Amino acid sequence: MRRPITCPSLIHRARLRSLFAGMLWTALLCLFPTIAAALEIEFRDARSGAWISASVSIADADGMLIEQLPTGAAGIRIDEFRLRQSTGPMQLQAEADGYRPIHSTIDPHSSLPSTVTFWLDPIAMPADSVATPWLTGRVYDPQRRAPMAGVDIALETLRTTTDAAGAFAFDASPYLLDRQAGRAAVLELRLDGRLIHSRTLLLSTDPTDLIIDVGSSRKDADHRQLSATVADHAPAHEAGAARAPVVPPPASIRVGYASDGGICCVGGCSTVQVSSLETYTRRGLNDEWIASWTGDSLRAGAIAYRSYGAWHVLNPRTANYDICSSACCQVNDADTSASTNVAVSATVGIVLTSDGNPFRSEYSAENNAWDDPNDGLPCSNADLSCGNGFVGSPA
């Protein structure tokens, strides 16, 4: 058997080249942190939830324009090459005809989300009113970014079907509402007889509007108690009510969500949704307050909710989102209620401040270990001292 003829010097040089290549690659990884292959950006109507066509401009941290991406079919893909053009945070501004532009930032070098969704406010915003159908909603296919027609909607004994725009509505008799108020019920969506989505609703006499993305996991992790007593509904904004001084809040807020669009806690949010601070407050107030509470309570809640969000814009949880969407921060989803919408509109731009900055307005859903003998519920946290006025559990 013949042995191959080898040259020690050639082998040595080859090994050196291999070692040098490995060292160079390691050095490049240190200089240029790993960046995701691409970033998906999509645009939606903040009121209806429908996907809309828009454009986005990309600027560096100093505001120098990098690129103006043309209008896309409700979505734009930013590839790795574009992401690498900035050595630091990038500024994004989304614009669409008939909508107010919205601004946000991303950092390609810090846990870049897979998707950023811009919720744009229509310039001609419809007036908020409590005189609407009891339960309305729109159903969408997030994969096709399109409404779903012909979906059968069932809420216990109530039945309806979505129209061409994916919309549906339920009008319930006062007798039915009186019997159901304050109780949880399951909303089921079926297409061709197959269950495609379900979620639990807290039934209230207050009109509610839903935006449903089929396939998303909307966890019912509200701070609210599902069996909360429904109060008598009071006007959401009495004439002549005192108004606090208006301090300009941040224009937009970045909210972290799970990959399937569900709510998430800090560290588990892989997508980001950007909206105006007012739209953010509309989408979350009814998840933290009870929509049937009196107007004074809802207005106070709107200010607390908005202030907590505004503080996080100035003190973001991560480089790519300001606040998470679950009870770890404050719950936020696409559902809205008529009375809380009116309360938000009545307090637009009002935030609590300290030394001229938005105040981190902690509020607590705890009952301070007081057990209401008439509600049939056990004390939620025996560790709390009765009436101590503190947030959460001291332990």
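This is a predicted model: local features need pLDDT of at least 70, side-chain atom pairs count only at pLDDT 80 or more; totals for chains, interfaces and linings use all residues.
Number the bonded cysteines of the chain in sequence order and the pairing reads 1-3, 2-5, 4-6. A disulfide is a covalent bond between the sulfur atoms of two cysteines.

**Stop 1: the cysteines**

How many disulfides are there to find? The count comes to three.

Start by selecting C264 and C269, and show their side chains. A disulfide joins the two, with an S to S distance of 2.0 Å. Look along the S-S bond: the angle about it is 110°, and the link of C264 and C269 is right-handed. C264 has 6% relative accessibility and counts as buried. C269, at 12%, counts as buried too.

Next, select C265 and C328. Their sulfur atoms lie 2.0 Å apart and form a disulfide. Is this link left-handed or right-handed? The angle about the S-S bond is -115°, which makes the link of C265 and C328 left-handed. This pair links distant parts of the chain, 63 residues apart. One end, C265, sits in the loop between β16 (252–257) and β17 (271–276); the other end, C328, sits in the loop between β18 (323–324) and β19 (336–337). With the surface still on, C265 shows a relative accessible area of 33% and is partly exposed. C328 is partly exposed as well, at 39% relative accessibility.

To finish this stop, pick C324 and C329. They are joined by a disulfide with an S to S distance of 2.1 Å. With 115° about the S-S bond, the link of C324 and C329 is right-handed. Both C324 and C329 are buried.

**Stop 2**

Now centre the view on I106. Setting aside residues up to four places away in sequence, I106 touches L39, L83, P89, M90, L92, L112, V116 and N320.

**Stop 3: a four-stranded open sheet**

Switch to a cartoon view. Four strands form an open sheet here, in the order β11-β10-β13-β14, with antiparallel pairing. Which strands stand at the edges? They are β11 (158–161) and β14 (194–202); each has a single partner strand, so one side of each is left without a neighbour in the sheet. From one strand to the next, the twist averages 20°.

Zoom in on strand β10 (residues 152–155), which is joined to β11 by four bridges, the two running antiparallel. Select I153, and then look across to its bridge partner in β11, T160. The loop between β10 and β11 holds E156. Check the backbone there: phi of E156 is near 55°, a positive value in a residue other than glycine. E156 is partly exposed, at 34% relative accessibility.

Then move along to the loop between β13 (184–191) and β14, where you will find D192. Is D192 buried or exposed? It is exposed, with a relative accessible area of 78%. Phi of D192 is near 55°, again a positive value in a residue other than glycine.

**Stop 4**

Select residues 55–59 for strand β2 and residues 65–69 for strand β3; they pair in the antiparallel sense over four bridges. Within the pair, S57 stands opposite Q68 of β3.

Finally, go to the loop between β1 (38–45) and β2 and select R47. Is this arginine buried or exposed? R47 has 19% relative accessibility, and because buried means under 20%, R47 counts as buried. Show everything around it: leaving aside neighbours within four places in sequence, R47 is in contact with P122, M125, P126, D128, R138, D209, I211 and R282.

Notes. Residues are numbered from 1 along each chain as its sequence is written. Side-chain values use heavy atoms; hydrogens and water are left out. A disulfide is a pair of cysteine sulfur atoms within 2.5 Å. Buried means under 20% relative accessible area, exposed over 50%, partly exposed in between (1.4 Å probe, protein chains only). Contact means heavy atoms within 4.5 Å. Two strands pair if DSSP finds at least two bridges between them. Axes are lines fitted to C-alpha atoms, for helices over the stretch in contact, and angles run from 0 to 180 degrees between N-to-C directions.
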